[in-house]
Amino acid sequence: MDNQSLRMRFSKTGAIKYISHLDLTRVFLRALRRSDIRLKYSEGYTPHPKFAFGVPLSVGTESVCEVCDFTLADDMDVITPEEVMSRLAGQLPAGIEILSCAPAVGKLREITYCDYLLTFDNACEDIIPLMRKSLEGRLVVMKRMKKGGEKELDITDMIVLSDIFCRDGKVCMSLRLPCGNDLYLNPEYVVAAMRQNSALEKVLEEYSTLRTKLFYADFTEFRY
């Protein structure tokens, strides 16, 4: 990437977690315009700003490790990453906080795995052994296909790491899952597979999801 390409890390928490990926793009592009931060555009018949998010975040999921790359227009060569952060600070809605901004290193498509923390509202500590046993077995879900219908998907070997524990009186589950272009697993699928056990169906019905870290293919943490 050239010197005008920046990488910004941000969190997305609270009510803003319910806006879509497309709406989030609009929020950032509007904030950049209001901050008088001009972007470089692609060439061709339909030019578009050089702005991209890392891994799309499911509606309803919070995150403290979101990332986006963007390329500044040629006449913005004197602005620093620190000034970009400062200008944007007052233009973004509540729930989005800029955590860092620096020259981009590597490509966003290198992100291969994500860590998640799931917190269950109605689970008690005594259900943890059953949850662990469920994760150790075969996990299968029905996946909706783009052309209609459903297909059975075995996700057992797609879960890289998992742990179940209590924190602040709540039962939590940490997961490391693939999130690359070739292989992606939504944590909702893991919960759906576990809930096929009748003893877990109601217990795991209500939960919150937080994305916490991003990784390369070799499991080193993604560089911001």
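## Exercises on a predicted model

Asp-36 is partly exposed, as its relative accessible area is 43%. The model under study is a predicted one, and the exercises below start from this residue.

**Exercise 1.** Classify Asp-36 and Asp-168 by backbone angle, position and accessibility.

*Solution.* Step 1: locate the residues. Asp-36 belongs to the loop between α1 and β2, while Asp-168 sits in the loop between β8 (161-167) and β9.

Step 1: consider phi. Most residues other than glycine have a negative phi. Asp-36, although not a glycine, has a positive phi of about 60°. Asp-168 is likewise not a glycine, and its phi is positive at about 55°.

Step 2: apply the accessibility cut-offs. Buried means under 20% relative accessible area and exposed over 50%, with partly exposed in between. Asp-36, at 43%, is therefore partly exposed. Asp-168 has a relative accessibility of 78% and so counts as exposed.

**Exercise 2.** Determine whether the span of helix α1 agrees or disagrees with 1.5 Å a residue, and identify what covers its buried residues.

*Solution.* Helix α1 has 14 residues (residues 21-34), and at 1.5 Å a residue they should span 20 Å.

Step 1: compare this with the model. The end C-alpha atoms of the helix are 20 Å apart, which agrees.

Step 2: list the buried residues. In α1 these are Leu-24, Thr-25, Val-27, Phe-28, Leu-29, Ala-31 and Leu-32.

Step 3: identify the cover. It includes the strands β1 (5-12), β2 (51-53) and β4 (96-103), together with the helix α2 (81-88). After α1 comes Asp-36, the residue of the first exercise.

**Exercise 3.** Describe the largest pocket by its volume and its lining.

*Solution.* Step 1: state the volume. The largest pocket has about 330 Å³.

Step 1: examine the lining. It consists of 14 residues, of which Lys-143, Tyr-184, Leu-185, Asn-186 and Tyr-189 are the closest to the centre of the pocket.

Step 2: assign the lining to elements. Those giving two or more residues are β6 (140-144) and α4 (187-194). The largest share, three residues, is that of β6.

Step 3: Seven of its residues are nonpolar, three polar and four charged.

**Exercise 4.** Characterise the largest nonpolar core and the contacts of Val-190.

*Solution.* Step 1: name the members with the most contacts. The core has 36 residues, and Phe-120, Met-131, Met-173 and Val-190 touch the most other members.

Step 1: trace the elements. Two or more residues each come from β3 (62-71), β5 (113-120), α3 (128-136), β9 and α4.

Step 2: follow Val-190. Residues up to four places away in sequence not being counted, Val-190 touches Leu-135, Ile-155, Ile-159, Met-173, Leu-175, Leu-177 and Leu-185.

Technical notes: Residues are numbered from 1 along each chain as its sequence is written. This is a predicted model: local features need pLDDT of at least 70, side-chain atom pairs count only at pLDDT 80 or more; totals for chains, interfaces and linings use all residues. Side-chain values use heavy atoms; hydrogens and water are left out. Helices (H or I, at least four residues) and strands (E, at least two) are DSSP runs, numbered from the N terminus. The expected span of a helix is 1.5 Å times one less than its number of residues. Buried means under 20% relative accessible area, exposed over 50%, partly exposed in between (1.4 Å probe, protein chains only). Contact means heavy atoms within 4.5 Å. On a 1 Å grid over the protein atoms alone, a cavity is a set of points where a 1.4 Å probe fits but cannot get out, and a pocket is an open set with protein on both sides within 12 Å along at least five of seven lines; lining residues have an atom within 4 Å of a point. Grid points are joined across faces, edges and corners, and a volume is the space filled by probe spheres set on the points. Ala, Val, Leu, Ile, Met, Phe, Trp, Tyr, Cys and Pro count as nonpolar, Asp, Glu, Lys and Arg as charged, and the others, Gly among them, as polar. A nonpolar core is a set of buried Ala, Val, Leu, Ile, Met, Phe, Trp, Tyr and Cys residues joined through side-chain atoms within 4.5 Å.
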